[in-house]
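Here is a short report for a reader meeting this structure for the first time. Please look over the sequence and the model before reading on.

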Amino acid sequence: MDHLLLDAQEAAQILRMDRRTLVRWARIGYVPAHPLGEGKRKLWRFREHELLAWVEARETVKKRPPASTISVAINAHARRTA
């Protein structure tokens, strides 16, 4: 399987965000990234499949979990419409 390796600019375009923010997130380990080189001026590379999986995981975290039972769902709906 061929995994695409992206630089910070290409990865930022996929995520629709600023390159500098993406690099900052890479430094703190918030986003999956791979540093090249040593010291402060590392070059960051990103694997496309890892970024897409990261985005997908974040989207499922934001979604509400399903109600545990139908009565919980009905009661929640009743409270919202009351």
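## Overall layout

The chain holds four helices and three strands. Read from the N terminus, the order is β-α-α-β-β-α-α. The model is predicted.

The chain has 82 residues, and 20% of them are buried. Its accessible surface is about 6800 Å². Carbon and sulfur atoms account for 54% of that surface. Contacts across the sequence can also be sorted by distance along the chain. Of the contacts between residues at least 6 apart in sequence, 41% link residues at least 24 apart.

## The loop between α1 and α2

Helix α1 covers residues 8–15, and α2 covers 19–28. Arg 16 sits in the loop between these two helices. In general, most residues other than glycine have a negative phi. Arg 16 has a relative accessible area of 79%, so this residue counts as exposed.

Met 17 belongs to the loop between α1 and α2 as well. Its relative accessible area is 22%, so Met 17 is partly exposed. Which residues does Met 17 contact, leaving aside neighbours within four places in sequence? They are Ala 12, Leu 22 and Trp 25.

## Two salt bridges

How many salt bridges are counted? The count is two. One joins the side chains of Asp 18 and Arg 20, with N to O at 3.1 Å. Asp 18 is partly exposed, because its relative accessibility is 35%. Arg 20 is exposed, because its value is 54%.

Another salt bridge joins the side chains of Arg 47 and Glu 50. Here the N to O distance is 3.6 Å. Arg 47 has a relative accessibility of 34%, so it counts as partly exposed.

Where do the two lysines lie? Lys 40 is in the loop between β2 and β3. Lys 42 is in the loop between β2 and β3 too. Strand β2 spans 34–36, and β3 spans 43–47.

Is Lys 40 buried or exposed? Lys 40 is exposed, because its relative accessible area is 84%. Lys 42 is partly exposed, because its relative accessible area is 33%.

Lys 40 and Arg 27 are 13 residues apart along the chain. Their C-alpha atoms are separated by 9.9 Å.

## Points to look for

Then find Met 17 and its contacts with Ala 12, Leu 22 and Trp 25. Next, locate the salt bridge of Asp 18 with Arg 20 and that of Arg 47 with Glu 50.

Notes. Residues are numbered from 1 along each chain as its sequence is written. This is a predicted model: local features need pLDDT of at least 70, side-chain atom pairs count only at pLDDT 80 or more; totals for chains, interfaces and linings use all residues. Side-chain values use heavy atoms; hydrogens and water are left out. Buried means under 20% relative accessible area, exposed over 50%, partly exposed in between (1.4 Å probe, protein chains only). Contact means heavy atoms within 4.5 Å. Accessible areas come from the Shrake-Rupley method with a 1.4 Å probe; for residues, only the protein chains shown count as cover. A salt bridge is a side-chain nitrogen of Lys or Arg within 4 Å of a carboxyl oxygen of Asp or Glu.
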